[in-house]
Amino acid sequence: MSKFESNSTTSRAMPRYYFHIVGPADLRDRFGLIRCDDAAAIAWAQNVADALQKRNASASVVVIMHEDGREIARIPGVPVANPIQLAVDRESGDAAA
């Protein structure tokens, strides 16, 4: 066997993950992305959640599904704090400690 051939007993294909958006407007990922493992899929979903945050879609949740049907995680979009409102709250004494 040459050094470029795969040894099927020690290698396996990387899994496909699906990143569904659940919220006011649900979006089902029909194609998915190949990632090396669950941790890489979670990192990608966090990037998606951050992008949703910046687009004021923070009520949405990114649901990660493995190709075998297992739900890996749910990553919520957390609202981005409005810096102007934070300053007003500080001035008025309403800011959280």
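Buried means under 20% relative accessible area, exposed means over 50%, and partly exposed lies in between. The legends below use these words for a predicted model.

**Figure 1. Arg-74 and Glu-71 form a salt bridge.** Arg-74 has a relative accessible area of 49%, so Arg-74 is partly exposed. Glu-71 has a relative accessible area of 40% and is therefore partly exposed as well. The side chains of these two residues meet at 2.9 Å, taken from N to O.

**Figure 2. Arg-70 and Asp-68 form a salt bridge.** The N to O distance between the two side chains is 2.9 Å. Is Asp-68 buried, partly exposed or exposed? Its relative accessibility is 48%, so Asp-68 counts as partly exposed. Arg-70 counts as partly exposed because its relative accessibility is 40%. The count of salt bridges in the model comes to 2.

**Figure 3. The chain contains helices and strands.** There are 2 helices and 4 strands. Along the sequence, they follow the pattern β-β-α-β-β-α. The chain has 97 residues, of which 22% count as buried.

**Figure 4. Four strands make an open sheet.** Which order do the strands take across the sheet? The order is β2-β1-β3-β4, and the pairing is antiparallel. β2 (33-34) and β4 stand at the edges with a single partner strand each, so one side of each has no neighbour in the sheet. In general, strands of a sheet pair through backbone hydrogen bonds, in either a parallel or an antiparallel way.

**Figure 5. β1 pairs with β3 in the antiparallel sense.** How many bridges join β1 and β3? The pairing runs over 6 bridges. In this pairing view, Ile-21 stands opposite Val-62 in β3. His-20 stands opposite Val-63 in β3.

**Figure 6. β1 pairs with β2 in the antiparallel sense.** This pairing runs over 2 bridges. Tyr-17 stands opposite Leu-33 in β2.

**Figure 7. The largest nonpolar core has 11 residues.** Among them are Tyr-17, Phe-19, Ile-21, Leu-52, Val-62, Ile-64 and Ile-75. The core also includes Ala-41, Ala-45, Ala-49 and Ala-73. At least two residues of this core come from each of β1 (16-22), α1 (38-54), β3 (61-66) and β4 (71-76). Which element gives the most to the core? α1 does, with 4 residues. In soluble globular proteins, nonpolar side chains tend to be buried together.

Figure 8. Ala-49, Val-62 and Ile-75 belong to the largest nonpolar core.

**Figure 9. The charged end of Arg-35 sits over the ring of Trp-44.** The charged end of Arg-35 is 4.8 Å from the centre of this ring. How many aromatic pairs does the structure hold? The number is 0.

Methods. Residues numbered from 1 in each chain as written. Predicted model: local features only at pLDDT ≥ 70, side-chain atom pairs only at ≥ 80, totals over all residues. Heavy atoms only, no water. Core = buried A, V, L, I, M, F, W, Y, C linked by side-chain atoms within 4.5 Å. Buried < 20%, exposed > 50% of the residue type's maximum accessible area, 1.4 Å probe, protein only. Pairing = 2+ DSSP bridges. Salt bridge = Lys/Arg side-chain N within 4 Å of Asp/Glu carboxyl O. Phe/Tyr/Trp six-rings, centres within 6.5 Å; stacked < 30°, edge-to-face > 60°. Lys NZ or Arg CZ within 6 Å of the ring centre and 35° of its normal.
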